[in-house]
Amino acid sequence: MKLVEDNLRKHTFTHLDALESESIHIMREVAAECRNPALLFSGGKDSIVMLRLAEKAFRPAKFPFPLVHIDTEHNFPEVIECRDKLAADLGERLIVRSLEDSIKRGSIVIKDESKPRNPFQSVTLLETIAEFGFDACLGGARRDEEKARAKERIFSFRDEFGQWDPKNQRPELWDTYNTRVHAGENIRVFPISNWTEMDIWEYIGREKLHIPNIYFAHEREVIRRNGNVIPMSHLVQPKPGEKVEIATVRFRTVGDMTCTAPVESNARTVEEIIEETATTRITERGATRMDDQTSDASMELRKKEGYF
Amino acid sequence: MSNTTQLLRFITAGSVDDGKSTLIGRLLHDSKSIFEDQFSAISKTSEKRGMAAVDLSLLTDGLQAEREQGITIDVAYRYFATPKRKFIIGDTPGHEQYTRNMVTAASTANLVVILIDARKGVLTQTRRHSFLASLVGVPHVVLAVNKMDMVDYSQERFDEIVAKYKVFAAQLGLHDVHCIPLSALNGDMVVDRGDKLDWYKGPALLELLEKVEIDHDVNTSDFRFPVQWVCRPQTDEHHDFRGFAGRIEAGEVSVGDEITILPSARTTRVKEISTYDGKLQTAFAPQSVTLTLEDEIDVSRGDMFVSADGTTRCANAAGAGVPSDGPLPQTAGSASNVSGAGTHFPKVRKEFEATLCWLSESPLDKNRKYLVKHTTRTAKALFSRLDYRVDVNTLERHSADKLHMNDIARVAIKTQQPLVFDSYEIDRATGSFIVIDEASNNTVAAGMIA
């Protein structure tokens, strides 16, 4: 009887199974070959998928790396709550380093509290890498997110300054990954490079993953500014003349509160989100990230500076 | 999206002028995979550049440097889906100096779309792209004869090009070749059939991509499991658990199967196939699983599990001492590839021959040692012979004592430890390797064993 089921499974080896197996293979390669890896975990949906993939790769053993979060302290409280709960439930070590630490040290100088902090995340990330001597950081970035990411290798090599050189990437052939780095250098590894936003949602549904509730439709105070729906928070207040209204929205991405815009939506379940994702006409970052709208090359420039 | 959607990876090859980016743009646009913000961004750019219509090729221009120069400088990956399949496109540049990028992108592809300009027909670079596709063993080839609008949608012209190409493809051993006349610019026969090519009765490009049979692209008969990571939880609950994690690269395995561990050639049985989602009775390529064994045998990363039935000969070959300094076998598979009922046995050797694609700006130095990474094993290696270099344009062989970037060559390699391999033709995963320069840590070459 069991055999019949397995045979059945063979014929239904789906794109999600293929992507999952590829990601597990990549994570195990990091565990086996890197000296001191870490998994970057933010509490967002992509990194929650990464945690499930790590469970699939390493259980019944513990993860062979700690979870690391670079906290901008501009995060939505629901996301931080989810981050802490997931790490605790899994019994895995979570290291949190805050931009505030870098600000105190003087390595980051903030001029305007209400401005996005994403550009500064690289500084704290590089300081954290140096503090712990990480030689590899697993990240949940996907190639379908953005033009610059589309050209990045799965094992993306960074120099001593954490910089990415898009014109000088190591060729990546078959599934044979070159994990070697010299002391002081490190690699960023993106096991879900080949996943799309839709794959992520289908996987969240299939695996019944717990994600922050702000991904689902909810009522929220917002204002409309330059065609974006801006969520109100202690960091973002209406400018004179702007009217605060209550809208039914959900977040497609969860980042810095000052630059992450929700979309208007009534999708309250994963199934409804999948349906909406299938018919949306706007890209994930285009709809939700004001910092990527500033220039055609914003992400490329940030990555060159060490952003993951 | 149904639950049984398959994943197809394909690449496009063609020169800058063949309209490759336009074709990808057209495929994405007409399959409704372009989002409004992407479309409005490229509309703005097209307008800024003074173009009359929206330039769909802008969709695949990724990096600032490329946009400035108007060329594609690296492999970019694109994703789209139809209700039938999910697709990953590896967009590779067609410049002469970028052979390495095509080899890179082709290494994971099920299919290659080779673009031809209908006015120009089969060119040197068409031959080069086809040769590289055959070299890397891409299972399916689509010859897209583009710019049919420029030749009045002439069937005669199409037939002429196809006839010429088929002769060439046969010489290269490309078996599964489909030829499609199309116009990426006007969208004929890409997603929609259009009304200009009624004489063509075959599938449009997207229909073909949705239909091409890829189940048999993976070797399903010869079980190969390179041990990737040893799972030893050492917790109270799993005190004695010792699992061997890895991905099944070919074939399948069931609980109770007798397996041989190479290179040690010891034999045992599979006790359990465990996954996070529970235990399996049978697992198959390309699943990532964890195997436990009946006997306590010393196994580490880099070892390979293979099916034991019929491997006795292979095991004997390995057990009798891996030839370290002996001559290379004259023909591939002469010693251990004694085929039983259609199954193949891997070889365990410290010396082998391979076709190499040199990828690095620093040339191969025969006096230096390199690292070879093959499946999950990395070994020090020497290039003991450079037999010849292949001119990718003429396919002529030339003697060589140096290899430069983009060179394809036949070489003999000696490794410090034995590798467990198949010929690339039989198994892409166990027949391929990369070469790493220990000084720079760069990946300097890709190798295919034969």
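In chain A, the domain assignment gives domain 1, made of residues 2-196 plus 297-304, and domain 2, residues 200-292. Before going on: this is a predicted model.

Taken over C-alpha atoms, the centres of domain 1 and domain 2 of chain A are 23 Å apart. In the contact between them, domain 1 of chain A puts in 26 residues and domain 2 of chain A puts in 25 residues. On the domain 1 side, the elements giving two or more residues are the chain A helices α3 (45-58), α4 (77-90) and α10 (298-304). Of these, α3(A) gives the most, with 5 residues. If you sort that side of domain 1 of chain A by class, you get 9 nonpolar, 8 polar and 9 charged residues.

Some totals for chain A. The chain has 10 helices and 10 strands. Of its 308 residues, 52% are buried. Among the contacts in chain A with a separation of 6 or more, 76% are between residues 24 or more positions apart.

Now chain B. Here the division is into domain 1 (6-217), domain 2 (224-309) and domain 3 (346-449). I will take the pair formed by domains 2 and 3. The centres of domain 2 and domain 3 of chain B, again over C-alpha atoms, are separated by 29 Å. The contact involves 12 residues of domain 2 of chain B and 10 residues of domain 3 of chain B. On the domain 2 side, β7 (224-226) and β16 (304-307) of chain B each supply at least two residues. By class, that side of domain 2 of chain B has 7 nonpolar, 2 polar and 3 charged residues.

Is α5(B) enclosed or open? The count is 10 buried residues out of 12, and therefore the rest of the structure largely encloses α5(B). The cut-off behind that count is 20 or more other C-beta atoms within 10 Å of a residue's own. The buried residues in α5(B) are B:Q125, B:T126, B:R127, B:R128, B:H129, B:S130, B:F131, B:L132, B:A133 and B:L135. Just past the end of α5(B) comes B:G137, with a positive phi of about 70 degrees.

Technical notes
Residues are numbered from 1 along each chain as its sequence is written. Chains are lettered from A and ligands numbered from 1 in the order in which they are written. This is a predicted model: local features need pLDDT of at least 70, side-chain atom pairs count only at pLDDT 80 or more; totals for chains, interfaces and linings use all residues. Domain bounds come from an automatic or database domain assignment. Two residues are in contact if their C-beta atoms, placed from the backbone, lie within 7 Å. Helices (H or I, at least four residues) and strands (E, at least two) are DSSP runs, numbered from the N terminus. Ala, Val, Leu, Ile, Met, Phe, Trp, Tyr, Cys and Pro count as nonpolar, Asp, Glu, Lys and Arg as charged, and the others, Gly among them, as polar.
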